[in-house]
2 protein chains.
Amino acid sequence: MPIITAERLMDVGVRMLKAMGASDYEASTCMDFLVKANLRGHDSHGVIRLVPYIKRIQRGGTNLRSEIRIVREGPSTALVDGNWGLGQVVAKRGMEIAIEKAQKTGAGTVSIFNCCHVGRLADYAEMASDRNMIGFVVVVAPTFVAPYGGASRVLGTNPICFSTPRAKGRPIILDMATSVVASGKVNVKYARGEKVPDGWIIDSDGNPTNDPAKFFEEPMGALLPLGGIAAHKGYGLCLIVELLGGALSGAGCGKEFMKRGEGNGVFLSATDISSFGPVDEFKNRVEGLIDQLKASKKAVGFAEILVPGEPEDREFEKRSREGVFIEDKTWNEILSVARELKVAL
Amino acid sequence: MPIITAERLMDVGVRMLKAMGASDYEASTCMDFLVKANLRGHDSHGVIRLVPYIKRIQRGGTNLRSEIRIVREGPSTALVDGNWGLGQVVAKRGMEIAIEKAQKTGAGTVSIFNCCHVGRLADYAEMASDRNMIGFVVVVAPTFVAPYGGASRVLGTNPICFSTPRAKGRPIILDMATSVVASGKVNVKYARGEKVPDGWIIDSDGNPTNDPAKFFEEPMGALLPLGGIAAHKGYGLCLIVELLGGALSGAGCGKEFMKRGEGNGVFLSATDISSFGPVDEFKNRVEGLIDQLKASKKAVGFAEILVPGEPEDREFEKRSREGVFIEDKTWNEILSVARELKVAL
């Protein structure tokens, strides 16, 4: 597996997107989010997405140099038509609008339809926490998940993301699928011919299975919602995200969402901390809780307690220093498409 | 176990609270929320709380006929000092403020400190969905839950609640602890001398146990966060609620929260659906998703798919008709305190 520096990934990707017709801003915004996903250890949302993005542009599914349109607007709200621009560009603009509104009223909420795949949610939520706001982002995603008690794929893996600033160090960032795992993890096991752990997937009759082929091959099974013995809770969260992301924006829910061209239905909110009290006091309370968590007695087999975002921060340090491992297949595909686009390598 | 009608529970409870000095409004608001919890099947949040509430009033921990105070306010936000009024009265007023703000700006968020136990969250979220808004409520609660990888009680059971209206029937209402189960369920098992299922609790060293005594007796164990094999996700949600409920309001997090007199630190938000598009379209999309969920192939052992709030609605129908089962111990305690208060029974 080649190890590629972040700079090289950025450079190649930016030039490929520009060769497709993307503006400097579009190309660098999109690649910045993809490469950050690799640096933070989430390769499923990294440059592996670049070739599919380019193929979608080629078949007319993504509009480059397009503008978003604010369809409906209030002091604290906006409904945005993403006009099928690059998801990263559209969702970043969405969070900027939410933040602008929160600066004026204390809270801003933006809902987006006609939006291509936005990648990891963490970066959008972090835009809010960087401005001393609480960021909250959810998106409806393609249907892979069975409802509690069901055996069909009705719901998306529908991630939830929160970010808050803290007194020391980088923000708390929770970014999680409401399914037990993201579908990409089943993909990896399938590609490697490995079994999946108990509790990830069911076959098309709803029976537990460890065979990823039962998920990918007809008749297809489904991912389970988060929760194990309390999977009705994960199902509930997954359903709520489907409504926040799909019903409020008009991107659609379930089958309706799939009919409308995939991508993501997006819900972004920013809540201004200073509207409630001194930001420093908030940050100190966060830090105080982190201290309590770190000081917790450890369970057998655990050396330390981490807070959400910390594993990704550590991976970022490591990969920024050492480069990013990219599978041969992914890197070769990128190079092959780059050559087609006559991008000098 | 005596079966008591909702009317009788209301009547006795209202007269007891009024005998303590509560106003008509305070007594009926508090009892309305407690009795609704019983009717919807959540006895742990029902009239079992009445005697503890009265004892807290008696020792000066709850201020009757007190007023909330808005400490800081923006167009879409308010920080509220609940002045240790009855939690139901304070939180209901909080959601009213959030709704008023959402009617003007599209979004309203209210954070409350100095607030006694608010009971079930569902009723506050439903106030928003009744007005064609999306209700979102979380509260920080007393520390019973270990962090992922930990063996100490650092976090609360910290429930999350969402409500949205739908085209037909009652709203979708998700109301769930971010621990595997609410602590009250462990309590019931302990009182009955029964074991708890796998995955609920750990002992004080962080080992899994089925013995509820390991949770209640020194050295005390802890509840596990939601998630099973993905408990890091439930832990993340639990931590975020601790921050939304405790750090933003100033009610405090973990130990700090416990020092400040218990109760709940409250975060309430209302998002106005009509600010994003026609309410009927939203409701039809919700209904469309429910149809898809209901039509899902069933997993082995399941006869139907339910949506969040539906089990409670069915219990409500049944108990409204048949009355509420109250354990002898709870009912006798209520009657005994009623006699002390010279309430005619």
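## A covered strand in chain A

Strand S4 (residues 107-113) of chain A is mostly covered, with 7 of its 7 residues buried, where buried means that 20 or more other C-beta atoms, placed from the backbone, lie within 10 Å of the residue's own; strands (E, at least two residues) and helices (H or I, at least four residues) are DSSP runs numbered from the N terminus. The model is predicted, so that local features need pLDDT of at least 70 and side-chain atom pairs count only at pLDDT 80 or more, while totals for chains, interfaces and linings use all residues. Residues are numbered from 1 along each chain as its sequence is written, and chains are lettered from A in the order in which they are written.

In a regular strand the side chains alternate between the two faces of the sheet. On one side of S4(A) lie A:Ala107, A:Thr109, A:Ser111 and A:Phe113, on the other A:Gly108, A:Val110 and A:Ile112, and all are buried.

## Strand neighbours

S4(A) runs parallel to strand S3 (residues 77-81) of chain A, joined to it by 5 bridges, and antiparallel to strand S13 (residues 265-272) of chain A, joined by 6 bridges; pairing requires at least two DSSP bridges between two strands. A:Val110 is the bridge partner of A:Ala78 and also stands opposite A:Leu268 in S13(A).

## Relation of the two chains

Chain B superposes on chain A by a rotation of 180 degrees with 0.0 Å of shift along its axis (RMSD 0.0 Å), fitted by least squares on the C-alpha atoms of residues with pLDDT of at least 70 in both copies. The two copies are thus related as by a two-fold rotation axis, to which B:Gly227 comes closest of the residues of chain B, at 2.0 Å (C-alpha).

Terms used: A residue is buried if 20 or more other C-beta atoms lie within 10 Å of its own, exposed if 12 or fewer, and partly exposed in between; C-beta atoms are placed from the backbone.
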